[in-house]
Amino acid sequence: MKNLPSIALVGRMNVGKSSLFNRLSTTVKSLTLDYEGVTRDFIKDEVTWSGVTFELIDTGGITLVKVTDPIQKKVQEKVEKILSETDLILFVVDGKAGLLKEDKEIAANLRKLNKPVILVINKSDAKQTDENMPEFYKLGFKNNIPVSASHGLGITDLLEVIIQHLPKKVTKEVVEEPAYKVVFLGKPNVGKSSLMNAILKEERSIVSEVAGTTREPIAQRVKFYQEDIELVDTAGIRRKRSVSGEIEPLMVKSSFQALKDSDIVVCLIDGTEAKLADQELKLAFYSFQEQHKALILLVNKEDLMTDLNKAELANNFDYYKHLIKKIPVMFISCKTGKNIGKVLTLINEVWKRHSQKFSDSELTNLLVSNLLKKPFFHETKSFVLYSAEQVKTAPITIILTVNQPQFFEESHVAFFENIMRDNYDLIGVPVKFLLRKKS
């Protein structure tokens with residue numbers, strides 16, 4: 001296990017914590033918009049400076065003072081847990097706005113934790129910050145570092161002070177990539193976070209009845225059958241015309257990036273809606289056919305489905321059977337726990353199919369023999385398939401060496417794909433074909 005020191009960013013809303021996190025982090029990005037409470041889930045990354053590596057945690061746009069909003073209460077409880085376990089706290093304030101009452105209340109709460117605190121005075125490039133500096137010194141923290149997160153000023157000084165205050169004995173193992181990555185996608189409030197929490201048996205993602213609670217992709221490693229899997233919970237996918245404000249377009253963008261980085265897409269739908277919505281269909285086709293991601297369809301809220309719901313959904317699935325017949329479909333209930341224990345098993349089975357390797361000679365014989373039974377022609381000249389060679393797994397990628405690739409059409413690709421699906425277990429798995437002209 002790694003034994004990295006941890007550092008938490010904390011402060012009142014909209015003082016620039018996410019901007020500072022983005023400045024220090026090299027891989028993970030937190031949303032930075034001028035709204036209160038944009039970051040609701042905690043985001044973390046490993047940062048290395050002068051040979052010292054530590055874990056940096058952005059606690060989100062929260063407050064340590066009393067709140068009444070139920071979602072903010074949940075967030076606040078998580079932040080308090082993080083702060084109790086962290087080694088160092090970066091208390092971020094807005095130098096331009098000056099010292100506010102809430103800053104003083106947060107400072108008082110931080111002193112009770114008996115943790116080392118560095119006061120980070122953001123927006124040092126603003127003239128007002130210089131005028132307000134004496135106010136911040138009155139908070140009584142020993143280390144006061146002025147920075148401009150948006151312009152990168154003072155970041156080096158901050159990092160130097162950080163490593164001086166970290167525990168000296170730190171061990172770090174080589175961070176291995178997960179065996180594969182799984183992303184949960186779907187419309188807002190279909191149960192993605194609830195599913196992830198049920199799998200992890202802890203509330204790693206914030207769960208709420210309010211659509212759009214998860215605003216950034218949240219990754220978590222889980223061990224299953226000796227394999228290290230990364231599960232990613234994402235923001236909801238909406239059609240552009242139903243997107244509101246500035247946050248939702250970024251939710252869509254960040255969710256699609258998570259999709260591109262994944263190996264397997266788990267698409268969740270609400271069974272009580274009794275149909276696949278347009279955006280869900282587009283998401284499924286985009287994942288499976290364009291991005292060549294393995295695909296699983298989970299129908300949540302099975303406990304609330306009526307017989308009519310089930311009949312209508314079955315008819316809807318039959319209408320789109322050209323896709324549905326290629327992927328596994330499982331009915332679940334995050335509320336009752338039905339089939340939740342089978343989800344990781346299904347994911348693992350799909351991964352095995354996604355990463356399987358075929359014999360090139362066997363595959364060539366299979367496809368050539370079927371082509372001879374049903375040859376293709378362009379004008380009067382027939383297509384000739386010389387060989388089929390698998391060059392990649394996850395996705396399964398096949399190079400077909402043919403005589404005239406310029407006349408190869410989608411129907412021809414579908415022909416070879418169907419042959420493979422008839423002869424191999426490829427449920428949930430796309431097949432990517434590449435063409436090469438025989439030299």
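Trainee: Which residue lies over the face of Tyr386, and at what distance from the ring centre?

Mentor: Lys438 does, at 5.0 Å from the ring centre. A charge sits over a ring if NZ of Lys or CZ of Arg is within 6 Å of the ring centre and within 35 degrees of the ring normal. The charged end of Arg111 likewise sits over the ring of Phe141, 5.3 Å from its centre. Please note that the model is predicted: local features need pLDDT of at least 70, and side-chain atom pairs count only at pLDDT 80 or more, while totals for chains, interfaces and linings use all residues. Residues are numbered from 1 along each chain as its sequence is written, and side-chain values use heavy atoms, leaving out hydrogens and water.

Trainee: Are Tyr180 and Trp351 buried or exposed?

Mentor: Both are buried, which means under 20% relative accessible area, with exposed over 50% and partly exposed in between (1.4 Å probe, protein chains only). Tyr319 and Tyr320 form an edge-to-face pair, 4.9 Å centre to centre with 90° between the planes. Tyr319 is exposed at 62% relative accessible area, whereas Tyr320 is buried at 18%.

Methods:
Rings of Phe, Tyr and Trp (its six-membered ring) pair if their centres lie within 6.5 Å; planes under 30 degrees apart count as stacked, over 60 as edge-to-face and the rest as tilted.
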